[in-house]
Amino acid sequence: MKAGVASWMLGGLLAAVSLASMDAYAQDAKPDSKPGAKPEPGPFDFRWDVRIPLRDGVKLSATQYLPRGLKRAGPCVFSLTPYTAQRNHERGKYFASHGYAYYAVDVRGRGNSEGEFTPLLQEARDGHDVVEWLARQPSCNGKVAMSGGSYLGYAQWATVKELPPHLATIVPIASVGPGVDFPILNNIPYTYNMQWLTFVSGHTSQDRIFGDFGFWASQYRRWYEAHAPYTQLDQYIGNPSPTFQTWNAHPYQDAYWDSHRPTPEQYAKLELPILSVTGHYDDDQPGAMSYYKGHMRYGNERAKAMHYLVIGPWDHTGTSSPQAEVGGLKFGEASLVDINALHVAWYDWTMKQGSRPEFLKDKVAFYVVGEEAWRYAPSLQAVTASTQTWYLDSQGRANDVFESGQLRATQSGGGVDRYVYDPLDTSPLEYEDRPDVLTPTYAYLTDQRGLVMSSGKQLIYHTPALDRDTDIAGFFKLSAYIALDQPDTDFSAKIYEIKADGGSVFLAQELMRARYRKSLRQPELVTPGQVERYDFERFNFTARRLAKGSRLRLVIAPLNSLSMQKNYNSGGVVAEESGKDARKVTVSLYHDAQHPSALYVPIAAKSSVRK
């Protein structure tokens, strides 16, 4: 749901947001052919505003693309989108020209469809009804597939919950996980929520408003500088939203968020093949991974054997239209997978008795940046061969890039490092408001300015220079023994490769709200002064060859950004807190024999496929 816009929210966050490429999953948003261009191969028949009746009498609008000269019924594919069907025009042409009937369907209450749009919750039953209606059409042989990314990926998982009999396969890309990565990430909400809700307000596309990054930065800045409650953000934006307030009423994992995702019982009943796709820098990687892990945990053995996972070096938009450069990083030619062709090969295999797509050499395909090659593993766990442990240490100070703590192979003899966070501090604007940061082309994965400008307000640790190239793949973990002098605060933990020449590459990040340190389902405020172990176990997946001479950098810092709800540290209802509730917090991180704070690094496995 979030994609290219993410770069301007970096004040410390990685790609926290940009739902609209959420769909701009918009490989479908690529410009159409220019007038006078050569005709495309594979002619198709087009029909606008096909009406699809639902069980409650509401009719959805679909744009239909049929292979020309279709002589007998075959499998059909559809996407369920809140971004208006015309954004999927390129995709419709592609699939129809490759032998598949394709339907771009406006969700309830959006585009030309009837009814009222209620984000996320409506797609399960409606998706089921669309599947079963399409299966009865003359052009369809009863096998129905789904396609699409971000919200469209979520719509596939929502539809799966209803177990429609004629759903033959799904290909969820960069799938939003409601309650997992949108509109909250580890129970911390985005300010971007109002940008997206405005984008999908009314029936028509609000893309001009949505895409004005400077406008949104100024709107968020007014709210941020006023230290106003998060619940007032929709008023500051000028678009009062019942949906926004409903989300605010569910600040942590509960039955409301559970209702959006498949239950263990529903995962167990799945029988269809699934191809899941995400990226190292995909904002919705947590959602995509949560579905995959849920299916691997609860699914039956037959269905799990037909679930394939692809993890490329891509951002959110790149999961549907891979680019050779993302956020200042450049990737090899092997990263430029033809995702449309992979769709067709998958559909041919699962619905037309074709051969398995050549690209899918094992159940998990993951790209190793630096090696610039794909590796394969039989499971997500098998991607990581071993774990390397680095213990946090310092000489009494770890608050500066140039006077940092250490990450050591042996346990520290003792010590404690501290930073003080004042939630009334608005200095992050000095970085987040810079004109170059507010552009979609900003090199957010390699810029160190925000980190340097926050000197003294965070904790920084470095490993020694690596004595050999080291391949990492999987999920970092961090165990840190921390004491607070307030009942709550928010952290970010970020990991970078620091090259021999001093250049920086962002690798992974996790956000944590202290009250959810033990469980995302049960808040528990901190007892001031008590030392506790905080386990950061929700870093994003990454895979990279760390070069000889490089170091790893760990940064533990307060979460203070235009992009996220602000925690004023008082221990109250965070969404209702304002500047008058603000409390400075001292964060003390211990590293001694009784408190072995450590970073755990995933070392990559060799590929399961011989080259």
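What follows are my entries on this predicted model, in the order in which I looked things up.

**Entry 1: aromatic pairs**

I began with the rings, and the structure holds 38 aromatic pairs. I looked up Phe-199 with Phe-210, whose centres are 4.5 Å apart and whose planes make an angle of 40°, a tilted pair. Because Phe-199 belongs to helix H4 (residues 192-199) and Phe-210 to helix H5 (residues 207-210), this pair ties together parts that are 11 residues apart in sequence. I noted that Phe-199 and Phe-210 are buried. I then turned to Tyr-367 and Trp-374, an edge-to-face pair with 5.2 Å between the centres and 75° between the planes; Tyr-367 and Trp-374 are both buried as well.

**Entry 2: a cluster, and charges over rings**

I listed one aromatic cluster, which is formed by Phe-44, Phe-46, Tyr-65, Tyr-94, Phe-95, Tyr-100, Tyr-102 and Tyr-347. One of its members, Tyr-100, has the charged end of Lys-352 over its ring, 4.0 Å from the centre. I found another such arrangement at Phe-475, where Lys-293 lies over the face of the ring at 4.3 Å from its centre.

**Entry 3: helix H6**

I checked the length of helix H6 (residues 213-226) against expectation: at 1.5 Å a residue its 14 residues should span 20 Å, and the C-alpha atoms at its ends are 20 Å apart, which agrees. Which residues of H6 are buried? I wrote down Phe-213, Trp-216, Ala-217, Gln-219, Tyr-220, Trp-223 and Tyr-224. Because they cover an arc of only 165° around the axis, they lie on the same side of H6. I recalled that an α-helix has 3.6 residues a turn, so residues three or four places apart point the same way. As for what this side meets, the buried residues of H6 pack against H4, H5, helix H7 (233-237) and helix H14 (429-432).

**Entry 4: strand S16 and its partners**

I looked at strand S16 (residues 405-408), in which Gly-405 and Leu-407 make up the covered face, while Gln-406 and Arg-408 make up the uncovered one. Strand S15 (residues 384-393) runs antiparallel to S16 and is joined to it by three bridges, with Tyr-391 standing opposite Arg-408. Strand S18 (residues 459-462) runs parallel to S16, and two bridges join them; here I noted His-462 as the bridge partner of Gln-406.

**Entry 5: backbone geometry**

I kept in mind that most residues other than glycine have a negative phi, and that most peptide bonds are trans.

Asp-49, although not a glycine, has a phi of about 60° and lies in strand S1 (residues 44-53); its relative accessibility is 25%, so Asp-49 counts as partly exposed. His-227, also not a glycine, has a phi of about 50° and follows H6, in the loop between H6 and H7.

How values were computed
Residues are numbered from 1 along each chain as its sequence is written. This is a predicted model: local features need pLDDT of at least 70, side-chain atom pairs count only at pLDDT 80 or more; totals for chains, interfaces and linings use all residues. Side-chain values use heavy atoms; hydrogens and water are left out. Rings of Phe, Tyr and Trp (its six-membered ring) pair if their centres lie within 6.5 Å; planes under 30 degrees apart count as stacked, over 60 as edge-to-face and the rest as tilted. Helices (H or I, at least four residues) and strands (E, at least two) are DSSP runs, numbered from the N terminus. Buried means under 20% relative accessible area, exposed over 50%, partly exposed in between (1.4 Å probe, protein chains only). A charge sits over a ring if NZ of Lys or CZ of Arg is within 6 Å of the ring centre and within 35 degrees of the ring normal. The expected span of a helix is 1.5 Å times one less than its number of residues. The arc is that of the directions from the helix axis to the C-beta atoms. Contact means heavy atoms within 4.5 Å. Two strands pair if DSSP finds at least two bridges between them.
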